[in-house]
Amino acid sequence: MNTTLKTNITVKEICDGFVYNELEGKGLFGLSGKLTIQPEYQRNYIYASDGGKREMAVIESVLKEYPIGLIYFNKVSSDKFEVLDGQQRITSLGRFITDKFAIKDENGMEQYFGGMAKDKQKKLLETKLLIYECEGTESQIKEWFKTINIAGVPLNNQELLNAVYSGPFVTKAKEEFSNSQNANIQKWSAYVSGSANRQEFLECALDWVSKGNIGDYMSKRRKDKNIDELKKYFNTVIDWVSSVFADVESEMRGLEWGRLYEEYHQKTYNPVKVSAEARKLYGDPYIKNRKGIFEYVLGGSTDTKLLEVRVFEEVIKRVVYTKQTAKAEKKSESNCPLCAVGHDANREKIWSLGEMDADHVAAWSKGGKTTIKNCEMLCKTHNRAKGNR
Ligand SMILES: [Zn+2]
């Protein structure tokens, strides 16, 4: 049997000519008529039951750029295909694009495809799906499905890729990365999440070296008898992280070290300073996203967005507002200290609480705390101006 991995087919192409048959509860055609979505013997569309949660989840996943898994086509003739696996997901996409159901937006409002912003529509339509085209006799195809769904535990993406691109390269790669006896596993586990048995170290190594194009990379190297490049790149990234960050923290596991290596490995770091900085941030109770600490430090400790620093609580804002306003009224000047020293019409303006925002007097990045003593209310314009500096 032949299998070809297609990575360029878009949602738009798949759903071109999509027809949904209400009466039979089936998505019928796609790919401009070349694709039969639910052949006669397939079960009906079930994702719309249960309040439509599952079909909504398919759309939300695509919009958030989460993978929706592999899809299998059976190539019936040179330009005719049937969906072997993926009918429910494809039908969800087709039904959404033809306004058969709505998703909920960030504010819990119903949103139909037709009413979505153009850029969101475009994003959905241009999303590429991972599709295997299988070509073979019926018994070969059945055999194939048996192997990919061993004992009811479906293979994950990497296990499937290993099956599709089996050969000397995969054999060598598994010896190195999928062998739980490998003495390096413990070291790798500090930075890579998952288990060797389920091919997650191999997946990570391939992801890093291929910059996310694992299928292409494996396809090109299928016949290679060595894995030198893969091994060298992976070890280079791991060595780089462990030399920049002397202390191993649990939040390091599973970060995009391949991307961070590409972005920052040409900079020089003083491990002693990096270590001190990271430790200080680790002890900072105002940091909500501790996984962001490493990229923050690598980037020169400037991009505080990575850390999600806690904001002032409402009660603190209210207390500071009341105090500031009473004082300002006595002096007949604005309760925004920056407006008060200005020369325009706002010099004496008393802003309402809703028109103001809390600001750190001493910047958080310079050691200022998120406490009442370090809180000052500014009008929104001045707060924004200060934040941009
Ligand atoms: Zn102001």
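Leaving aside its neighbours within four places in sequence, which residues is Leu93 in contact with? They are Val11, Ile14, Cys15 and Val58. The structure is a predicted model.

**Nonpolar cores**
- The largest nonpolar core has 63 residues, and Leu93, Ala205 and Leu206 touch the most other members.
- Helix H9 gives the most to this core, with 7 residues.
- Another core, of 9 residues, lies apart from it, and its members include Val320, Cys339, Leu378 and Cys379.

**Helices H2 and H3**
- Two packed helices are described by the angle between their axes and the distance between the axes.
- Helix H2 (residues 53–63) packs with helix H3 (residues 87–97) at an angle of about 80 degrees, and their axes are 9 Å apart.
- An angle of 65 to 115 degrees counts as roughly perpendicular, and H2 and H3 are therefore roughly perpendicular to each other.
- From H2, Glu55, Val58 and Ile59 meet Arg89, Ser92, Leu93, Arg95 and Phe96 of H3.
- By class, this contact has 4 nonpolar, 1 polar and 3 charged residues.

**Helix H7**
- Phe169, Val170, Ala173 and Phe177 are buried in helix H7 (residues 168–177).
- Seen down the axis of H7, these buried residues fall within an arc of 90 degrees, so they line one face of the helix.
- An α-helix has 3.6 residues a turn, so residues three or four places apart point the same way.
- Thr171 and Glu175, on the other side of H7, are exposed.
- The cover over the buried residues of H7 includes helix H6 (157–164), helix H9 (200–210), helix H10 (214–221) and helix H11 (228–244).

How values were computed. Residues are numbered from 1 along each chain as its sequence is written. This is a predicted model: local features need pLDDT of at least 70, side-chain atom pairs count only at pLDDT 80 or more; totals for chains, interfaces and linings use all residues. A residue is buried if 20 or more other C-beta atoms lie within 10 Å of its own, exposed if 12 or fewer, and partly exposed in between; C-beta atoms are placed from the backbone. Helices (H or I, at least four residues) and strands (E, at least two) are DSSP runs, numbered from the N terminus. The arc is that of the directions from the helix axis to the C-beta atoms. Two residues are in contact if their C-beta atoms, placed from the backbone, lie within 7 Å. A nonpolar core is a set of buried Ala, Val, Leu, Ile, Met, Phe, Trp, Tyr and Cys residues joined through C-beta atoms within 7 Å. Axes are lines fitted to C-alpha atoms, for helices over the stretch in contact, and angles run from 0 to 180 degrees between N-to-C directions. Angles under 35 degrees count as roughly parallel, over 145 as roughly antiparallel, 65 to 115 as roughly perpendicular and the rest as oblique. Ala, Val, Leu, Ile, Met, Phe, Trp, Tyr, Cys and Pro count as nonpolar, Asp, Glu, Lys and Arg as charged, and the others, Gly among them, as polar.
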